[in-house]
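Subject: Model for you to look at

Hello,

Here is the structure I promised to pass on. Please open it first, then read my notes below.

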Amino acid sequence: MSMLWLTRSRTSGGNFIKKIICTSLTLSSCQVTAASSFSSLLSNISSNGKEATFAFRYSYSCSTTSAAFRRYTSTKAKKQILSVKDDDDNDDGDSALEENRAMDFPGGEITYTTEMKFLPGSSEKRVQCYRVLDEDGYLISSNMSELVSKDVALKVYSGMVTLNTMDKFFYEAQRQGRLSFYLTSFGEEAINFGSAAALSSEDIVLAQYREPGILLWRGFTVQDFASQCFGNNEGHGKGRQMPIHYGSKKLNFITLSSPLATQLPQAVGMAYSLKMDKKDSCVVAFFGDGSASEGDFHAALNFAAVMDAPVVFICRNNGWAISTPVTEQFRSDGIVVKGQGYGIPSIRVDGNDALAVYHVVRSAREIAIREQRPILIEAMTYRVSHHSTSDDSTKYRSVDEIEHWKTTHSPITRLRKWAETKGWWSDTEELELHVEAKKQVKDAIDEAEKKEMPPLRDMFTDVYDELPSTLVEQETVLRETIQRHPQDFPKDIPM
Amino acid sequence: MASSIIQRIGAATSFDTNNNYFHRRSFSGRQSSFVVVRSDGANITTRLKPNGGRTHHLVTNAVATKPHTSAASKPGHEILLFDALREGLEEEMDRDPRVCIMGEDVGHYGGSYKVTKGLAPKYGDLRVLDTPIAENAFTGMGIGAAMTGLRPIIEGMNMGFLLLAFNQISNNCGMLHYTSGGQFKIPVVIRGPGGVGRQLGAEHSQRLESYFQSIPGIQMVACSTPYNAKGLMKAAIRSDNPVILFEHVLLYNLKETIPDEEYVLNLEEAEMVRPGQHVTILTYSRMRYHVMQAAKTLVNKGYDPEVIDIRSLKPFDLHTIGNSVKKTHRVLIVEECMRTGGIGASLTAAINENFHDYLDAPIVCLSSQDVPTPYAGTLEEWTVVQPPQIVAAVEQLCQ
């Protein structure tokens, strides 16, 4: 049930009446958490009381009208209203008298009550999550219209398999000592590709680290991934960042930075930039359940709401932050309810259902751009991977649990089953895809390993736009040292 | 070794970027001409250093004084430092629509020191953006906006608050151009008032230049006069690197006549305040005025100090400094930073390394003590280097 909040203020000799209308609208099987609070409502009324301008906000619910929320100068505190004299529109009888007493605080009028009631910390029922396919790959709701074309669906599926294969082999490569570090996205492939398919190539993506699927979708090759991980000279990053910290300006994917949640305020800044340029695209920022504890997360959501920034915040709630389970990360009902705290419409989706993710992200993107406001999506999933190659998650969770999620709830299996029911996929194609992906990945690793490392000069370039003399000096000193003691330095650095 | 010497001499020219304007003006009376070198699009920029640089009358105290009528016949306009910064901002915002400002209370309030006054009504709420109170967040926002093509100027209401933004400044602002392989550039300007003011308490009297100086990838400059404030502001905005511009709380009301024509200063250059022969005094920001006050006393006592306002805190202008050291052979550094890990400490190390052979005496560095800035007026006054200490140090150095 979604709520429509509408308020109207009417002057009548200085008295004000508020009316609240609640209606229920259903939106298939999804639930939209309304951003609603009286404090977000404002009316700006001139001193003589004649003119009244209305500012109202209502939650989004598949309607085509848009809410306009304009910035304005701060309201002046007005006289406290103690009672209502005339009340033409009131048809609620006596109880309206209670509700209509309003106090005018900066930020808007608030009706008061004599009943002391604490808002509960959480509601009894958890926010439901939007889902389209069941575990066996059948559409749950029969009135679901055709969501994706065959091409898009198969591209999503093969992307998921490629990512899965790439992760397997790169992880092995790290175990064999060929890579220093790697981080897999097992179990979260649907979030990767469901969202990637829903975005346009102009949407700027700021990821955390478990979203390489976005890059794969946009054209980053497996070879590119390997080059970045090996730190060779072919990579976009010139070998400067640790593995899996990809970035490509051409593909509108911002280079990853290790500290968590730092990308969230930056996302707001980029959306601000898009607003100034009035572009028809949005910014998408990914983060995990653990990152939502960082200060940057809260500030970014607040900023985005205040600035009407077209950012889609996507939280991958995979249950674990290294060894910290979500029960120890926060006390709220996940991340989705936090949106309401900042005035942001939010939704929860089954992150292992690629079609659901696709649908939600596509809708969220439309709202964000059309209404120029942020949206929060919480995609529920499970981190089948260890946190990274530096982690052995069997130390803090049971192997059975991991196996269960890996097999029973696998997003790849689910989508494949759906594709098979539609007759778009078969076992032969499955075999072909796996063989092809495996070959691609293996070749990429072998090739990347053979390639040259970045030259010594690249240690000093790009610190500034041009090489300053201090760094030239430091480079000279280093080169001289290497020349004098060649046996103490690695041989494979191109000079 | 020859190659490295040539590199150092060439230090000045290696910074000049393609779009660098360069303007030097001399009030000395010997030369009344001024040079504007415009190198828009051209690959070659030339640097001219008129003899003696810009000689200015001695400033006898730290607050604004009525300017003497100088020998220069060129008209200019009198302006206060905060207004000079604002003028620089306004000119750059007119010139480039991508320039925008963000910070707390910068819009309708005009900034806590009125540096952004009048800009919000002129350019709108979006280009002069009031942000909620979260320094890390709006600094991060500025960095994100810069990566997508804008040129934001991020204001910290007080430099000390930017400690909250350290994560974004260090891990992202300074690094992303490098770690992305040069794909994303971050042309932000981070500015704000800092330094020890008048009884503002310890948390409002921070010298952030000491903490930031290690961050690779950023440049730091400190302004001290209306002339260099405007010039450095414009240069910082035009630079493609992230620049931190340090202003001082006590200097906002300094008055000076600045040129009417447009001028942009070089970010990596130091300013020769008073040429001399006996000792090189290196300083920046507010301490420049304490040094000049001490210089008056020293001149009366028969000394001839050479005073250089280093302006560029990262990287140091070792060219100007080096030439001075080679001439005087004695160095005194006067700074407001604390003793440990301040700008003076780095500068001492840099001069010792590079010009050791030219020094006749160890470098003396006068700095604040390693204490939080006390509130009581008398204590606060003595936490900051005062002119009598400078005079005493010079006398000691020149024995």
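A residue is called buried here when its relative accessible area is under 20%. A:Glu475 has a relative accessibility of 3%, so this residue counts as buried. Please keep in mind that the model is predicted.

A:Glu475

This residue sits in helix 13 of chain A, which runs over residues 469–484. What does the side chain of A:Glu475 make a polar contact with? The partner is the side chain of A:Arg479, at 2.8 Å. Beyond the neighbours within four places in sequence, A:Glu475 is in contact with A:Arg457, A:Phe460 and A:Leu467.

Where chain B meets chain A

On the chain B side, 54 residues are in contact with 48 residues of chain A. About 4,300 Å² is buried between the two chains. Carbon and sulfur atoms give 61% of that area. Three residues stand out: B:Met141, B:Tyr178 and B:Gln183 supply 16% of what chain B buries against chain A, more than any other three residues.

How many salt bridges are there between chain B and chain A? The count is 0. Polar contacts are another matter: 15 residue pairs make them between the chains, counting pairs with both residues at pLDDT 80 or more.

Several elements of chain B each supply at least two residues to the side that touches chain A. Among them are helix 1 (2–9), helix 2 (11–15), strand 4 (99–103) and strand 5 (128–130). Helix 6 (166–173) and helix 7 (176–179) are also on that list, as is helix 5 (135–147). Helix 5 of chain B gives the largest share, 9 residues. By class, the side of chain B that touches chain A has 23 nonpolar, 24 polar and 7 charged residues.

Helix 14 of chain B

Now to residues 387–397 of chain B, which form helix 14. Its buried residues are B:Pro387, B:Ile390, B:Val391, B:Ala393, B:Val394 and B:Leu397. Why do they count as being on the same side of helix 14 of chain B? Because they cover an arc of only 165 degrees around the axis. The general rule behind such a pattern: an α-helix has 3.6 residues a turn, so residues three or four places apart point the same way.

On the other side of helix 14 of chain B, B:Pro388 and B:Gln396 are exposed. The buried residues of this helix are covered by parts of chain B that include strand 12 (279–283), helix 10 (287–300), strand 15 (331–338) and strand 16 (364–368).

Best wishes

Terms used
Residues are numbered from 1 along each chain as its sequence is written. Chains are lettered from A and ligands numbered from 1 in the order in which they are written. This is a predicted model: local features need pLDDT of at least 70, side-chain atom pairs count only at pLDDT 80 or more; totals for chains, interfaces and linings use all residues. Side-chain values use heavy atoms; hydrogens and water are left out. Helices (H or I, at least four residues) and strands (E, at least two) are DSSP runs, numbered from the N terminus. Buried means under 20% relative accessible area, exposed over 50%, partly exposed in between (1.4 Å probe, protein chains only). A polar contact is a pair of N or O atoms within 3.5 Å; within protein, one must be able to donate a hydrogen and the other to accept it, and residues adjacent in sequence count only if both atoms are side-chain atoms. Contact means heavy atoms within 4.5 Å. Buried area is the accessible area (1.4 Å probe) that two parts lose on being put together, summed over both. A salt bridge is a side-chain nitrogen of Lys or Arg within 4 Å of a carboxyl oxygen of Asp or Glu. Ala, Val, Leu, Ile, Met, Phe, Trp, Tyr, Cys and Pro count as nonpolar, Asp, Glu, Lys and Arg as charged, and the others, Gly among them, as polar. The arc is that of the directions from the helix axis to the C-beta atoms.
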